[in-house]
Amino acid sequence: NIYVAYTLFYFLGTFLAMQVPVVGWTPLKSLEQLGPCAVFLGYQVMFVTEWIRKSNNMTRIQAWQLRVKAAAVALVVFTLCV
């Protein structure tokens, strides 16, 4: 499952890189890391929307509307944080 693989890779890679004293908080501050961070957050949003879809037995149209709304909220929050 690519969700589990990427989530584990990103989390462990970032966490372990931050343990090196020279690196410190750089993985969370540098612009070079925004791409992987956006992918990581995108996977988290997709996982949550898929979980909501399955628990509420939504139609395809309702599921896509939920995904678009969740992606818009995630984009706004990501933009405000950066």
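Analyst: Tyr 43, in this predicted model, has a relative accessibility of 24%, so Tyr 43 counts as partly exposed, the range for that class lying between 20% and 50%. Its ring pairs with the ring of Tyr 6: the two centres are 5.7 Å apart and the planes stand at 45 degrees, which means that the pair is tilted, since stacked pairs have planes under 30 degrees apart and edge-to-face pairs over 60. This pair links distant parts of the chain, with Tyr 6 in helix H1 (residues 2-18) and Tyr 43 in helix H3 (residues 34-56), 37 residues apart.

A second pair joins Tyr 10 and Phe 40, whose ring centres are 4.6 Å apart and whose planes meet at 25 degrees, so this pair is stacked. Because Tyr 10 lies in helix H1 and Phe 40 in helix H3, the pair ties together parts that are 30 residues apart in sequence. Whereas Tyr 43 is partly exposed, Tyr 10 and Phe 40 are both buried. In the whole structure, a search finds 7 aromatic pairs.

Helix H1 also holds Thr 14, which counts as buried because its relative accessibility is 14%, under the 20% limit. If its neighbours within four places in sequence are left aside, Thr 14 is in contact with Pro 27 and Leu 28. The C-alpha atoms of Thr 14 and Gln 33 are separated by 9.7 Å, while along the chain the two residues are 19 residues apart. Gln 33, with a relative accessibility of 29%, counts as partly exposed.

From helix H3 the view can be carried on to its packing against another helix. Two packed helices are described by the angle between their axes and the distance between the axes. The axes of H3 and helix H4 (residues 60-81) come within 10 Å of each other and cross at roughly 145 degrees, and the crossing in which H3 passes H4 is right-handed. On the H3 side, the residues that make the contact include Leu 34, Cys 37, Ala 38, Leu 41, Val 45 and Met 46, and on the H4 side they include Ala 63, Leu 66, Arg 67, Ala 70 and Phe 78. Sorted by class, this contact of H3 with H4 has 13 nonpolar, 1 polar and 3 charged residues. Arg 67, one of the contact residues of H4, has its charged end over the ring of Trp 64, 4.9 Å from the ring centre.

In the loop between H3 and H4 lies Asn 57, which has a positive phi of about 50 degrees although it is not a glycine. With a relative accessible area of 67%, Asn 57 is exposed.

Further along, Val 77 has its place in helix H4 and is partly exposed, its relative accessible area being 44%. Between Val 77 and Pro 27, a contact residue of Thr 14, the C-alpha to C-alpha distance in space is 19 Å, and in sequence they are 50 residues apart.

Key: Residues numbered from 1 in each chain as written. Predicted model: local features only at pLDDT ≥ 70, side-chain atom pairs only at ≥ 80, totals over all residues. Heavy atoms only, no water. Phe/Tyr/Trp six-rings, centres within 6.5 Å; stacked < 30°, edge-to-face > 60°. Helix = DSSP H or I, 4+ residues; strand = E, 2+ residues; numbered from the N terminus. Buried < 20%, exposed > 50% of the residue type's maximum accessible area, 1.4 Å probe, protein only. Lys NZ or Arg CZ within 6 Å of the ring centre and 35° of its normal. Axes fitted to C-alpha atoms, helices over the stretch in contact; angles between N-to-C directions. Left-handed = near helix turned anticlockwise from the far one by under 90°. Contact = heavy atoms within 4.5 Å. Nonpolar A, V, L, I, M, F, W, Y, C, P; charged D, E, K, R; others polar.
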